[in-house]
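Take a look at the model below before reading on. Keep it in view as you go through each section.

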Amino acid sequence: MNLFASSPIVTREIAAVVASYLRLGDTVVLAGEMGAGKTQLAQGICTALGVTDPVTSPTFNLVHSYAGNDATVYHADLYRLKNTDEIADLALEEFSQQGGIVLIEWGDVGDDIIGEHLEIRISLGEEDEARDIEIRAVGKRWELRWPRLVSATKSFASVDAEWDDL
Amino acid sequence: MKILGIDTSSEQVSVAVGDDESISASFQLASDRRHVESLIPAIELLLRNIGISIHELSAIAVDLGPGLFTGMRVGITTALTLANIAELPLIGSDSLQVLAHGVERVALQELDDAEIVVPILDARRNQVYWSMHRIDHSSSGALEEIREPRVGDVEELIEDLLDRSQRSVVLGTGAVKYIESLIEIPDLALIGERSGVRNFAFNAHLPHASTLVSLAAKKYAAGRIEGDPIAPIYLRAPDAEIQWLTR
């Protein structure tokens, strides 16, 4: 589905709605170019999950972990990696398997390794602060929640998408 | 001879001290995944109770995987560190071999009329790790590896088993998880099925440090301990360069 955020505040609102549909063991891939707002999305999701520590980009540490209300949130960034082996080395699947919630910036390059996930792709909109946000589910894990997530984010649906429906 | 065995290749933390004849002490924490927090205190507990120091050990044995990445690394790093401090030789074994040899310790009667033992560990996402071991009935059920550890889809494992078409005993987390598909294969049984054994001395579906110790002790006694590369066995898809499009 395609959503539109007119400002960073709206981006965070969308992140919060997505967060409310997350379950323990979920993986969320955050995709988009440098400066598009992937960390912004991660911050929005973390805050909504009850993380109170400041959420910073894990580019250099590769993975940060935060205590949320019900889950440990793992925030990873693949930007610095060169080989798929290095992605596997992070064993992100083990974090989700033990009931954590895993957010992976630049995770779209590791689709085969990462397994079932929700992908949020953010890109620069026509205006300075605006962003286009595209969300898709990979795998069956989201099958049941997907329609509910779609209706919950309806107010953010991009105008283009509405035209598509007609 | 006293060997310390460290097995953290699964979610459990398993530590044992012993030789090729017997196990003096063992510690097992099931499904905890607190490898970092539990491992060193467990080793201390065992050594203290046996009344020996780490310097009195002959060697350290460690499970190299395949298995849980985080667990493997804790075990291997700890083994390397302790071996370095106490100047002890390290003996590595792969987790499937440890699992397979566990049969001898939990239910020897399972081997009576079987031809191969097939340890299978769950590798997640419909994949499994497996190897195969022929049972040498002429030398009291000794196991000989005939298929090296590999990773693949469950379908590949099934094909592999059908190709071989031998009476087999399967065990391990992967065997349990996919038993409904595996049981369709002729002459295949999950460990415990043929003998009716239900209560094993320890979880027969995970590698255990006491088996690791006895395997390592045999190697040590035979002088086969040099040159084992001590590094995790990941067994994963071939490495490739990441295709960066937008970075």
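The report below goes from confidence, to each chain, to selected helices and contacts.

## Confidence

This is a predicted model. The predictor gives the complex an ipTM of 0.71 and a pTM of 0.85. Chain B averages a pLDDT of 91, and 98% of its residues score at least 70. Within chain B, β1(B) has the highest confidence, at 98. The lowest is in α3(B), at a mean of 91.

## Chain A

Chain A has seven helices and seven strands. Along the sequence they follow the pattern β-α-β-α-β-β-α-α-β-α-β-β-α-α. The C-alpha atoms of chain A fill a box of roughly 45 × 35 × 30 Å, taken along the principal axes.

How does the radius of gyration of chain A agree with that of a compact globule? For 166 residues, such a globule would have a radius near 15 Å, and chain A has 15 Å, so the two agree. Buried residues make up 39% of the 166 residues in chain A. Take the contacts in chain A with a separation of 6 or more: residues 24 or more positions apart account for 66% of them.

Leu49(A) sits in the loop between α2 (38-48) and β3 (63-67) of chain A. Is Leu49(A) buried or exposed? A residue needs 20 or more other C-beta atoms within 10 Å to be buried. Leu49(A) has 21 C-beta neighbours inside 10 Å, so Leu49(A) counts as buried.

Which residues does Leu49(A) contact, leaving aside its neighbours within four places in sequence? They are Ala19(A), Gly68(A), Asn69(A), Ala71(A), Val73(A) and Ile101(A). Leu78(A) is 29 residues from Leu49(A) along the chain, and their C-alpha atoms are separated by 22 Å.

## Chain B

Chain B has seven helices and 10 strands. Its C-alpha atoms fill a box of roughly 60 × 50 × 30 Å, taken along the principal axes. With 247 residues, a compact globule would have a radius of gyration near 18 Å. Chain B has 18 Å, which agrees. Buried residues make up 45% of the 247 residues. Among contacts in chain B with a separation of 6 or more, 70% are between residues 24 or more positions apart.

The domain assignment divides chain B into domain 1 (3-95 + 206-221) and domain 2 (96-190). The C-alpha centres of the two domains lie 24 Å apart. Between them, 14 residues of domain 1 are in contact with 12 residues of domain 2. Which element supplies the largest share of the domain 1 side? It is α7(B), with four residues. The domain 1 side divides into five nonpolar, six polar and three charged residues.

## Helix α7 of chain B

Helix α7 covers residues 209-221 of chain B. It has 13 residues and reaches 18 Å from its first C-alpha to its last, close to the 18 Å expected. Of the 13 residues of α7(B), 10 are buried, so this helix is largely enclosed by the rest of the structure. Leu212(B), Val213(B), Leu215(B) and Tyr220(B) are among them.

What do the buried residues of α7(B) pack against? The partners in chain B are β1 (3-7), β2 (13-18), β3 (23-29), β4 (59-63), β5 (90-93) and α3 (95-106). Just after α7(B), Gly223(B) takes a positive phi of about 75°.

## Helix α2 of chain B

Helix α2 of chain B (residues 69-86) has 18 residues. From first C-alpha to last, α2(B) reaches 26 Å, close to the 26 Å expected. Its buried residues include Phe69(B), Met72(B), Val74(B) and Ile76(B). They pack against β1, α1 (35-50), β4 and β5 of chain B, together with α4 of chain A. Glu87(B) follows α2(B), and its phi is positive, near 50°.

## Where the chains meet

How many residues of each chain are in contact with the other? The count is 15 residues of chain A and 16 residues of chain B. On the chain A side, α3 (84-89) and α4 (92-97) each supply at least two residues. That side divides into five nonpolar, five polar and five charged residues.

Technical notes:
Residues numbered from 1 in each chain as written. Chains lettered and ligands numbered in written order. Predicted model: local features only at pLDDT ≥ 70, side-chain atom pairs only at ≥ 80, totals over all residues. Contact = placed C-beta atoms within 7 Å. Nonpolar A, V, L, I, M, F, W, Y, C, P; charged D, E, K, R; others polar. Rg over C-alpha atoms; globule rule 2.2 N^0.38 Å. Buried ≥ 20, exposed ≤ 12 C-beta atoms within 10 Å, placed from the backbone. Expected span 1.5 Å × (residues − 1). pLDDT = per-residue confidence, 0-100. Domains from an automatic or database assignment.
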